[in-house]
Amino acid sequence: MTGLILLLLIAAAVVYAVFFLIFKVIWMIIKKQSNKWPLILAGVCTVLFCGAVVGGAVWGVYKVMKPFSGIMERVQTNPQPVYGQTVYTDPEYGFQLTVFNGMDFSDWMHFGEADVKLGIDTNVFKKDNAGKNIEEPVTLGALVRLENEPDETSVKALEQGLKANKDRRLEVNEMHRTSVDGHPALYVSGTVYSNQGESIPVWLMAAENGKHVYYVGILEVAKNGNSPVPEQTVQSLRFTAQD
């Protein structure tokens, strides 16, 4: 913490020095000899500049964290672990998933043509009646909605891309065509390997619904084997409305 404060003070001093030199040069050009106004103006500009930087950083953090505010509020409201299965219904885009335990999702985040929701089993943030952390697999999820581009985002394009995959960090264990409410879909399970050789199992369902393709991805970080929960979640995708 002390090092960070020192670094910030050095940065502020550098900014102040730059502004002072700028105003000093201006004062020399207009043939003014006093250092008083360059010192004052440099100080004002440094305060405004640092305030803008801090404000921008705070706003950036707010924008990043805002989609997750609902999850945090629900965890605080219901601090007890949640077990069993429930049906998650998305009212905006009309689909359903069967989720397990404390799985909860963020608000939609919009990145150009991609809409994304991130999810986590919130039991990881909770404690049991004895006050101990819940020891169970950490389940993470992602919901993605993309424009249906036949050569890029369709089920067929995804299948072809995975078949041509040469990245050793991704191993496809199972992949087959299926359907979701009569719409073309692709189910995939596999393993992602980190640069350190650690393995993380992943499950994915992609399904077309009119003008869009919906992806449901689940990964599970488990200490003792894998559970059937992620596979059941991605395979439970259902559409409640025609896109």
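Strand S8 and strand S9 (residues 199-209) pair in the antiparallel sense over 9 bridges, where strands are DSSP runs of E of at least two residues, numbered from the N terminus, and two strands pair if DSSP finds at least two bridges between them. The model is predicted: local features need pLDDT of at least 70, side-chain atom pairs count only at pLDDT 80 or more, and totals for chains, interfaces and linings use all residues. Residues are numbered from 1 along each chain as its sequence is written, and side-chain values use heavy atoms, with hydrogens and water left out.

In the hairpin of S7 and S8, with 2 residues between the strands, Asp181 has a positive phi near 50°. Of the 11 residues of S8 (residues 183-193), 8 are buried, so this strand is largely enclosed by the rest of the structure; buried means under 20% relative accessible area, exposed over 50%, and partly exposed in between (1.4 Å probe, protein chains only).

An open sheet is formed by 3 strands in the order S1-S2-S11, with antiparallel pairing. Strand S1 (85-90) and strand S11 (238-239) stand at its edges with a single partner strand each, so one side of each has no neighbour in the sheet. S2 (residues 95-100) and S11 are joined by 2 bridges in the antiparallel sense, and Phe239 in S11 is the bridge partner of Phe95.

Glu113 lies in the loop between strand S4 (109-111) and strand S5 (114-121). Glu113 is exposed, with a relative accessible area of 59%.

Conventions: Helix = DSSP H or I, 4+ residues; strand = E, 2+ residues; numbered from the N terminus.
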